[in-house]
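Let's go through this one by asking what the labels stand on. Have a look at the picture, then follow along.

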Amino acid sequence: MKRRKFDVAAVPGNAARAVDDRFGVATPLRRLLNKVFPDHWSFLLGEIALFSFVVLLLTGVFLTFFYEPAMTEVIYNGSYAPLRGTPMSAAYASTLDISFDVRGGLIMRQMHHWAALLFMAAIVVHMLRVFFTGAFRKPRETNWIIGSLLFWVGFLAGFTGYSLPDDGLSGTGLRIASAIMLSIPVIGSWVTAAVFNGEFPGTIIISRFFIAHVLLIPGLLIALISVHLGLVFTQKHTQWPGPGRTNGNVVGERMFPRYAIKQGGFFMVVFGVIALMGGLFQINPVWLFGPYEAWVVSAASQPDWYVMFLDGSTRLMPDWEITIPIGEGYVIPPLFWPTVVLPGILVAISLFYPFMEARHLKDYRSHNLLQRPRDVPFRTGLGVMAVTFYVILTLSGANDVIADKFQISLNAMTWAGRIGLLLLPPLAYYVTYRICLGLQQHDREVLAHGVETGIIRRLPDGRFVEVHQPLSAGNGHGELDYAGWVVPKKMNRLGALGPAIRGFFYPIERPVEAPVSPGHPPVEPRPEREEVTSGETRP
Amino acid sequence: MTSDNDRRRGLLARLRGRPGAPGRGRRRLGAAVRLVAALMLAGGAYTVLAPGAAAQENPPLSSAAADGKALFDVSCVSCHGRNAQGVEGRGPSLIGVGAASVEFQVGSGRMPMARQEAQAARKPVVFTRDEIDQLAAYVQELGGGPVVPAGDNLHADGNVAIGGELYRINCSQCHAFSGGGGALSSGKYAPSLRPATDRQIYAAMLSGPQNMPVFGDNQITPEQKADIIAYIQQTLKDDGDPGGLFNLGRYGPSTEGVAIFLVGIVALVFASLWIAGKS
Amino acid sequence: MSSHTGQPTLPGGEPLDVNDPRLSRFDIVREGARRDDIEIVHYEPQVAPGTKAERRLVRTVAGFFLLTGLAATAFLAVYIWWPWEYEPGRGGDKLYTPLLGVTLGVALLAVGFGILTWGKKLLPKEVSIQDRHVGAPSSEDQRLTSETMAYMADELGVKRRPLLGVSLLAGLAPVAAVAAAPLVGGLISDPHKDNQLMTTGFTPRDGQKIRLVREDGRPIRPADISAGGQITVFPGVEHGVSNQYADSPTLLIHLREEDAVESRRNNERAGHDGYMWGNYAAYSKVCTHAGCPASLYEQQTNRLLCPCHQSQFLITDNAKPIFGPASRRLPQLPIEVDAEGYFVAKSDYTEAVGPDFWERP
């Protein structure tokens, strides 16, 4: 029998046809492949969070193979000599085993922890980008809400994970968490007893946190992330204004192949940075902290950075206790305000900001073009005000370390934080507002009068003036409208004075080689300035 | 080790002064020697409890102590006064603080103080080892007090596991889990333990310098002190950091938070600038 | 979604016949994009095939990939052969994790930058414009959908037959409660059981006063603590030195004579007469603010600092909070010395220990 020749080249096509006949994926798949994404560095910040979440899942699964979520008391007998013979919980002992008796376990633990910090940091940085550019406006309010929830759910994921080793530091944090629950008026003691199954610390909290940390919270995170990404797909990404870009289109690259390949490469880079940090920077050395014992504490006890703002607000809170003289008397402890009320307000503000702003501006249209921060001074001001508030709280969360290392009085640090928290945010708002206005004005001036050429001309009457290169073809003033995008302010951005030297990120200016004859502004804008570009920072 | 002999002599002299002690000592010399040894190990706990009794003594100074007095009269007298009785508002009385206190304060450069401040800080040491021993002998003979046992290595047979447990109960609240120190109220602080020698740690526990509580030998026995010193020297200092080349100062989450922004976020933002850039 | 397929709104004219054999693959790709409302307006190879520049880039990318292989192999070698088991002192094991991190990090970064260079430098640059269809399908589609839903609701006839809706709700509400009940019921635990919020391990048992013991269980004599010293003590009961009695750790302080005098005077004023024994006072180590062990005792200023939120308590004034967020004194444990010369608690704490809560009397 004659062997049929096997056509290798036809295999993918045939396979694709076979799949499509059954599942009908060709059209949706093509649509997916043909999705245009605008390209700008700031659009990659969210990906850092996404990719570190993937690393968290990978390393986290590894850790669950060795971690034992139990508070039963054991006597440690592992490799780490300085703790041998010490009674401790099984959870802590297994964490030590991961660090010292599982080959490569320590780097996994450290990568997991660094990835968690990176996840939260990238969420915040991404959130700032979205906020300052107005990307949260209609139709993307839902995605903003989901993003904010991701921060708060990530916060819970971080705190539960931080508590799992049951070491001296995290146990102190857990103790504070119990005190926070206890401080809630009316139901506080019932909430605490329900969570800890009786008095702190009980014997069950670690197993409960474990199931929350490895199942409930990641499940929620995955669900939220999926919806978040799904919405980015269906709503299509926002873009910066620019030539050819309108509210009704997306200018950029199709998702495949180039964009997706870059994403894949970026994932590897994020993973690589986490691996480097996990190997080079020691994080959370639980073996130094010892097992959690209610009477053990360390100077400079802090939570991870994303919880530190709560620690800071607690430290700054004055000792205002409210007593309610009914019956035997009831108390609202000072702890309640900075740890329950403040985060509650922050959650509410962060969730509903898009609606508040829309209402304030009476702007209910859809926006797909981003705004430069300078063009919306009040929002930028509010954002900087919020960041200032957050940074002061976070710094106050570490004020004892700062006091110790910079030799400042601890009490002075507390007072500086209290006063700074009241004074600096409004000041930051005002300063930002003025800077925004100044930048706006400068843009308008350049549009009206042209770019400063650095050429000084002497007028017949003896005055000196600087020659400006108008941006428009005519010689008129104020002919160009501001388009919401970078206004060229240097001559070589107009293509004058020779080509720019290619730098790593930005073109580097080349000094003028030959003097240009005065009185004759030398340039015509180069024609390619008019072309549609892919949205990188240089116009 | 003449200075140690001097100290022993000083202690013996004090013991002889106590009613009852000589009689027993004459009958059973061996027992007395053992008692002296035990008391030496037990340091000045007793004298701290009863400094008044010791302050009454005024025996003639040994030669080392006389040298110490000469040094004292040059460098210390302006704050601590004649015969180390203290000057109100400038320096406390040194009667009964013991050689341990001198060894800690002068041996770590804290004394003589450069200026009056919230707390004396560790500085380059002013005196030589011999001079410090002479000063210590002088203060010891003035009014007794706790004494650090001989030898530079006081943790030779310390058990780091026991030491670690004691460290976490008694020391970590101020000096931190990592031994890096921490802030106290109003500008005071617990110093880092990294530059401290065995003898200085021992002396600090015995004498309770500045705001540090006293950990006498009845509370933490000499064996336990050796354990704690072993934990500090071997585990906290020598053991290194298995988790990486950089330990971020072991300040815990505060520097870790700084690192994730300065290293992680900065590196990745640069990467995204490059990825999205045109060049 | 389907309403706009095949009708490109951007310039492009009639849809092409994709089966036309004259079309190149790129033509088909461009036509496919058009049908998704994408106009590829600019498509330009960055490097010409066969040029020096291309060969150089290919070499760079290949170099990255080979570096990945090298680093990954190094990772495996380190993982398998490097001494990794913990040894005290600065052993080679301290380099195990850094070496793993560096090799893994270099491997991942190299593959990442290899892929990135490939995508960024070797693939053609393009600019495409996709239509967003803002507001385009809106009114008509919205009307069709809403009418369909209204129609379905009408068919069910809940409006005409209200009993159905009401009874369904009435039936489902308890089902929801059934779902919640086991969770709430299982978690709930009475915080006032055995008066646990108000008592500690120092409650006298069978008329027997509880001794103050050290962490190793030994009782404490007054002579054990030097003046200006402090010690953490626990109730001398079974498991007294464990987290089962997380509220019980107490700081026993031996005050200097003059401080003790002042402290006694303030004690009397606060109605805590006789809580001290001699110059010794015992205060709860659990901060009244957030429950951390407030144990940074400054023996000269007699302040007690809590390292978590910097509350400062003045020991000589009944541990009154003098700075920071704490609003309540540290509870004082009344102590005395029993017949054998050891410290005992005269009674339990006379107020709630630990962080504040609503119903604290």
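Q: How do you know how α12 (residues 198-207) and α13 (residues 222-238) of chain B are placed?
A: Their axes come within 10 Å and cross at roughly 130°. Axes here are lines fitted to C-alpha atoms, for helices over the stretch in contact, with angles running from 0 to 180 degrees between N-to-C directions. Helices are DSSP runs (H or I, at least four residues), numbered from the N terminus.

A quick note on the model: it's a predicted one, where local features need pLDDT of at least 70, side-chain atom pairs count only at 80 or more, and totals for chains, interfaces and linings use all residues. Residues are numbered from 1 along each chain as its sequence is written, and chains are lettered from A and ligands numbered from 1 in the order in which they are written.

Q: Why are α12(B) and α13(B) called oblique to each other?
A: Under 35 degrees is roughly parallel, over 145 roughly antiparallel, 65 to 115 roughly perpendicular, and the rest oblique. The crossing is at roughly 130°, so α12(B) and α13(B) are oblique.

Q: What makes the contact between α12(B) and α13(B)?
A: B:D198, B:I201, B:Y202 and B:M205 from α12(B), and B:K225, B:I229, B:I232 and B:Q233 from α13(B). Contact means C-beta atoms, placed from the backbone, within 7 Å. These residues divide into five nonpolar, one polar and two charged.

Q: Which residues does B:V139 touch, leaving aside neighbours within four places in sequence?
A: B:A84, B:L94, B:V97, B:G98, B:A99 and B:V102.

Q: How many residues of chains C and B are in contact?
A: 34 of chain C with 30 of chain B.

Technical notes:
Helices (H or I, at least four residues) and strands (E, at least two) are DSSP runs, numbered from the N terminus. Two residues are in contact if their C-beta atoms, placed from the backbone, lie within 7 Å. Ala, Val, Leu, Ile, Met, Phe, Trp, Tyr, Cys and Pro count as nonpolar, Asp, Glu, Lys and Arg as charged, and the others, Gly among them, as polar.
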